[in-house]
Amino acid sequence: MRRTLGVAAALALSPAMVTAAAVDRTILVPAPGRVALTLDPAVYESAREDLGDLRVLDAAGTEVPYLVERAFEENPRPEQRPNIVNRAFTRGRQAEATLDFGGPTLTSQLTLTLSGDNFRRRVKVEGRAPHDPRWATLTDSAYVFAVPGPAAARYETVPLPENNFPVLRVTVYNGPDDPERIEILEASTRPVQKRRPREVTLAPRLTRSEDAPAHETILTLDLGARHQPFRGLQLDVADPVFFRGVVVEARVDPPPPRAGAPGLPLAWRYLGECALYRYEEAGALREGLRVDVTGRERVLRLRIRNRNDRPLAIRGATALVPVERLAFEARPGGQYRLRYGDPRLAAPTYDLARTAGDPALFAARAQPAPLLAPLVLPVAPPVPPPWTERNPVLLWVGLVAVVTALGAVTWRALRTAD
């Protein structure tokens with residue numbers, strides 16, 4: 001209590017000396033050895049987006065090396081296009097092709113390019129290990145769509161269970177009103193380096209509005225923290241049969257306006273789009289209500305394209321958020337705290353990152369350690385840059401004046417000598 005009051009007094013008495021606030025949180029270490037704490041919304045609200053300002057400190061204030069099990073790839077791999085072989089078709093029924101990636105490739109989605117611009121087609125994807133003639137089914141109920149203009153759109157990405165098969169076989173079935181022959185033109189994927197982390201659900205604050213001129217339903221989701229990670233969204237829709245395209249955007253907050261200047265309007269950044277659907281086919285219910293988008297944002301906007309159909313009866317939305325953990329080795333009798341929010345800190349570099357291996361495996365063998373409530377600390381302002389860097393125009397004006405004065409003195413001396 002005294003510490004909290006002291007911090008508050010410092011903040012009140014020295015406003016000119018504080019430009020940001022760091023946060024301290026006590027770590028309840030259950031026992032000596034490896035422990036892991038789960039990052040929560042309070043961390044995502046105050047820490048940097050890259051989590052580079054996280055520090056584990058012992059009772060003496062010494063940094064303790066740690067690893068973070070991150071939800072996303074730090075260096076995403078480029079898109080990979082497999083070698084397509086054995087293209088074939090059965091007239092009026094299906095097209096198929098074999099995709100050879102040249103080796104095991106960890107992936108969870110496949111993007112196709114198909115013939116036609118107005119279709120609804122079911123897709124089956126199978127995988128095969130090297131030297132194994134048997135095919136394992138990854139999905140047989142995925143759907144791809146193409147919507148003609150106006151506002152033409154294509155939704156040809158097929159979600160897959162995580163797999164590392166080097167060879168995939170894709171079968172695309174003819175849809176209603178398709179021509180007798182359809183073709184698989186191209187295929188691609190974006191390989192990942194590590195498996196997807198565990199996901200939990202988060203209930204965002206949801207607001208809804210209708211943009212009648214654009215024929216769109218607007219859903220705005222507040223995830224509750226500035227840099228909340230997410231890996232997908234799930235909608236709860238009451239309608240029995242529907243098809244809609246949906247665009248997902250992230251809010252871009254404008255910088256604070258200058259004194260006396262009007263504030264800038266909000267902007268939105270495109271994240272991705274997909275199709276939402278539910279209908280019955282061949283006696284089976286087919287539906288896709290998950291929107292696979294990823295990022296670290298607070299506010300998302302979903303623009304559901306209704307075209308000339310009535311708006312959907314949307315009962316709710318859920319965010320699917322990854323579990324990120326920070327793990328370190330605790331000494332017997334040690335007391336530890338997590339600190340973050342200091343803008344002056346660069347991302348740390350520890351030997352542990354090179355010696356411990358996979359952070360997920362490192363954290364998996366750790367005991368859970370709870371975090372106590374945040375305690376705000378003052379942070380001294382960063383050292384201002386030199387006067388010459390803050391006033392480059394004045395510096396150049398001064399240099400020009402000095403050169404001009406020296407030139408004038410030199411010219412007068414030469415005239416006097418003549």
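Is Glu329 buried, partly exposed or exposed, and what is its relative accessible area? Glu329 is partly exposed, with a relative accessible area of 38%. Here buried means under 20% relative accessible area, exposed means over 50%, and partly exposed lies in between (1.4 Å probe, protein chains only).

The model is predicted: local features need pLDDT of at least 70, side-chain atom pairs count only at pLDDT 80 or more, and totals for chains, interfaces and linings use all residues. Residues are numbered from 1 along each chain as its sequence is written, and side-chain values use heavy atoms, with hydrogens and water left out.

A search of the whole structure gives 38 salt bridges. A salt bridge is a side-chain nitrogen of Lys or Arg within 4 Å of a carboxyl oxygen of Asp or Glu. One of them joins Glu329 to Arg34, with the closest N and O atoms 3.0 Å apart. Glu329 sits in strand β26 (residues 325-330) and Arg34 in strand β2 (residues 33-38), so the pair ties together parts 295 residues apart in sequence. Strands (E, at least two residues) are DSSP runs, numbered from the N terminus. Arg34 is partly exposed, at 24%.

Arg169 pairs with Glu126 in another salt bridge, the closest N and O atoms being 2.9 Å apart. Arg169 belongs to strand β12 and Glu126 to strand β8 (residues 119-128), so this contact ties together parts 43 residues apart in sequence. Arg169 is partly exposed at 23% relative accessibility. Glu126 is buried, at 7%.

Glu180 forms a salt bridge with Arg91, at 3.9 Å between the closest N and O atoms. Both Glu180 and Arg91 are exposed. Finally, a network of salt bridges links Glu45, Arg205, Asp222 and Arg298.

Key:
Helices (H or I, at least four residues) and strands (E, at least two) are DSSP runs, numbered from the N terminus.
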